[in-house]
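The sequence and structure come first.

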Amino acid sequence: MGLFDKAKKAAQQAQQALAQQPGQQQGDGRVHVQGAGGMIDPSFMGGPSTRSVAADDPIWQPINGISLQDYAELARDAQARGINDEAGMITLSQERGWNPADTKAALDGWVQRMSQSMAVGQQFRKFMGY
């Protein structure tokens with residue numbers, strides 16, 4: 001399974017688990033996982049956390065200069081071009097002037113962060129336009 005597929009699957013699982021709209025940043029400076037009220041946080045079993053995440057939390061920081069929004073834009077472009085594997089996404093990223101090694105690390109890092117927090121997966125889906 002390609003990296004794009006992994007990221008999409010992680011984000012879809014987070015979304016399906018909550019069956020709600022993407023996470024929203026509210027007036028308290030946190031990104032909340034919508035629909036998580038009353039839900040047992042699956043992080044105690046190794047799943048992604050449903051806890052709200054502060055907007056300035058390090059989990060939102062770009063990886064090698066690639067933000068979550070950058071990743072989503074790359075993924076949308078890849079999807080539009082029929083690219084569905086990591087190698088294709090890395091090649092496509094070079095059109096943006098991104099270094100292939102930095103891109104791979106960033107893509108892997110964002111997938112990892114999505115597996116840690118449903119808020120990240122929901123934000124990714126929001127940036128993807130879902």
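## Helices α2 and α3

Helices α2 and α3 are roughly perpendicular to each other, a label used for angles of 65 to 115 degrees, with under 35 degrees counted as roughly parallel, over 145 as roughly antiparallel and the rest as oblique. Their axes come within 10 Å and cross at roughly 110°, α3 being residues 86–94. Axes here are lines fitted to C-alpha atoms, for helices over the stretch in contact, and angles run from 0 to 180 degrees between N-to-C directions. On the α2 side the contact is made by Tyr71, Leu74, Ala75, Asp77 and Ala78, and on the α3 side by Met89, Leu92 and Ser93. Contact means heavy atoms within 4.5 Å.

## Basis of the model

This is a predicted model, in which local features need pLDDT of at least 70 and side-chain atom pairs count only at pLDDT 80 or more, while totals for chains, interfaces and linings use all residues. Residues are numbered from 1 along each chain as its sequence is written, and side-chain values use heavy atoms, with hydrogens and water left out.

## Overall fold

The chain has 5 helices and 3 strands, arranged along the sequence as α-β-β-β-α-α-α-α. Helices (H or I, at least four residues) and strands (E, at least two) are DSSP runs, numbered from the N terminus.

Of the 130 residues in the chain, 44% are buried. Buried means under 20% relative accessible area, exposed over 50%, and partly exposed in between (1.4 Å probe, protein chains only). Among contacts between residues at least 6 apart in sequence, 63% join residues at least 24 apart.

## Helices α2 and α5

The axes of α2 and α5 come within 9 Å and cross at roughly 50°, and the two helices are therefore oblique to each other. The contact involves Leu68, Gln69, Tyr71, Ala72, Ala75, Arg76 and Gln79 of α2, together with Val120, Gln123, Phe124, Phe127 and Met128 of α5. α2 passes α5 in a right-handed crossing; a crossing is right-handed if the near helix is turned clockwise from the far one by less than a right angle, and left-handed if anticlockwise.

## Aromatic and charged side chains

The structure holds 1 aromatic pair. Tyr71 and Phe124 form this pair, which is tilted, with 5.0 Å centre to centre and 35° between the planes. Tyr71 lies in α2 (residues 68–80) and Phe124 in α5 (residues 118–128), so the pair ties together parts that are 53 residues apart in sequence. Rings of Phe, Tyr and Trp (its six-membered ring) pair if their centres lie within 6.5 Å; planes under 30 degrees apart count as stacked, over 60 as edge-to-face and the rest as tilted. Tyr71 is buried at 0% relative accessibility, and Phe124 is buried at 2%.

Elsewhere, the charged end of Arg113 sits over the ring of Trp110, 4.6 Å from its centre. The term applies if NZ of Lys or CZ of Arg is within 6 Å of the ring centre and within 35 degrees of the ring normal.

## Ala106 and Asn64

Ala106 belongs to helix α4 (residues 100–116) and is buried, with a relative accessible area of 0%. Leaving aside neighbours within four places in sequence, Ala106 is in contact with Ile63, Asn64 and Ile66. Ile66 is 40 residues from Ala106 along the chain, and their C-alpha atoms are separated by 6.4 Å.

Asn64 is found in the loop between β3 (53–54) and α2 and is partly exposed, at 42% relative accessibility. Its phi is near 55°, a positive value in a residue other than glycine. Most residues other than glycine have a negative phi.
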